[in-house]
Amino acid sequence: MPRRAFLFGRLCMEMRRGRLRGRVRLGLLCACLILTGVAAWNARGSTPTSAATARSPATEHFADADDSALVAAGKLIYMGSCAGCHGKRLQGQPLWQLKDQFEGRRAPAHDQTGHTWSHSDEDLFYMTLEGRFPSAPPTAPSYMPAFRNVLTTQQIIATLAFIKATWPIGLRISQAMLNPGNLGMPAHATDIEWTLPPTCTLSAQRWRETSR
């Protein structure tokens, strides 16, 4: 086994066992996400910023999950515009993870069992607005409907804030590190107990794919 694969696996194991805490665990999670290629994390060596921190110009569509009024508004919008496909409990459509001829056509979960947390706020905004991620080729098939003519910018942001507010703190920490300047990092991320995204599976998978 390559040395870096061994170290990566050992790192995930140690963090799942709860042997690493606070700033040490947060720093190691940063390294884990950098190895996967998931995070475009450019704030190396900086301290985590809270949602109250001034926005980076690169993130125009930040959804503040700590804004209770925004989250409450987003819940109403989600129930009216999103729950029909993604589920009232954000659980997604049945068998959404099944890899068959209908793969990608079932609405995925937005809760902790899904992969929404592995995308930045800006990517999630444009996925909702246009029905595809900004990096996706215009000709790439997408089964997500565009909400450009259905929801306003503020309504989309509120909906994303509601979705993010339902995640456990470990997922919120992971997702915040995908935003410029760690925007959306919970204020007490280094002072409380939290766990990694589900067993590091998604991170490990992407690391393997990008390190070939």
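Because the model is predicted, local features are given only where pLDDT is at least 70 and side-chain atom pairs only at pLDDT 80 or more, while totals for chains, interfaces and linings use all residues. Residues are numbered from 1 along each chain as its sequence is written, and side-chain values use heavy atoms, with hydrogens and water left out. Helices (H or I, at least four residues) are DSSP runs numbered from the N terminus, as strands (E, at least two) are.

**Aromatic pairs**

- Two aromatic pairs are counted, where rings of Phe, Tyr and Trp (its six-membered ring) pair if their centres lie within 6.5 Å, and where planes under 30 degrees apart count as stacked, over 60 as edge-to-face and the rest as tilted.
- Tyr78 and Phe162 form a tilted pair, with 5.5 Å from centre to centre and 50° between the planes.
- This pair links distant parts of the chain, since Tyr78 belongs to helix α3 (residues 68-81) and Phe162 to helix α6 (residues 153-165), 84 residues apart.
- Tyr78 is buried at a relative accessible area of 0%, and Phe162 is buried as well, at 8%; buried means under 20% relative accessible area, exposed over 50% and partly exposed in between (1.4 Å probe, protein chains only).
- Phe125 and Tyr126 form an edge-to-face pair, because their ring centres are 5.2 Å apart and their planes stand at 90°.
- Within that pair, Phe125 is buried at 2% relative accessibility, whereas Tyr126 is partly exposed at 27%.

**Helix α6 and Phe162**

- The buried residues of α6 are Ile156, Ile157, Ala158, Thr159, Leu160, Ala161, Phe162, Ile163 and Lys164, and their cover includes α3, α5 (121-130) and α7 (169-176).
- Phe162 touches Val71, Gly74, Lys75, Tyr78 and Leu90, not counting residues up to four places away in sequence, with contact meaning heavy atoms within 4.5 Å.
- Phe162 and Gly74 are 88 residues apart in sequence, yet their C-alpha atoms are 5.2 Å apart in space.

**Helix α5**

- Helix α5 is mostly covered, with seven of its ten residues buried, namely Asp121, Glu122, Leu124, Phe125, Met127, Thr128 and Leu129.
- The cover of these buried residues includes α6 and α7.
- Just after α5, Gly131 takes a positive phi of about 80°.

**Cavity**

- One cavity of 30 Å³ or more is counted, a cavity being a set of points, on a 1 Å grid over the protein atoms alone, where a 1.4 Å probe fits but cannot get out.
- The largest cavity has a volume of about 40 Å³, a volume being the space filled by probe spheres set on grid points that are joined across faces, edges and corners.
- Its lining, made up of residues with an atom within 4 Å of a point, consists of Phe62, Ala63, Ala65, Lys164, Arg172, Gln175, Ala176 and Gly184.
- Helix α7 gives the largest share of this lining, three residues.
- By class, the lining divides into four nonpolar, two polar and two charged residues, where Ala, Val, Leu, Ile, Met, Phe, Trp, Tyr, Cys and Pro count as nonpolar, Asp, Glu, Lys and Arg as charged, and the others, Gly among them, as polar.

Terms used: 1 Å grid on protein atoms, 1.4 Å probe; cavity = no way out; pocket = protein on both sides within 12 Å on 5 of 7 lines; lining within 4 Å.
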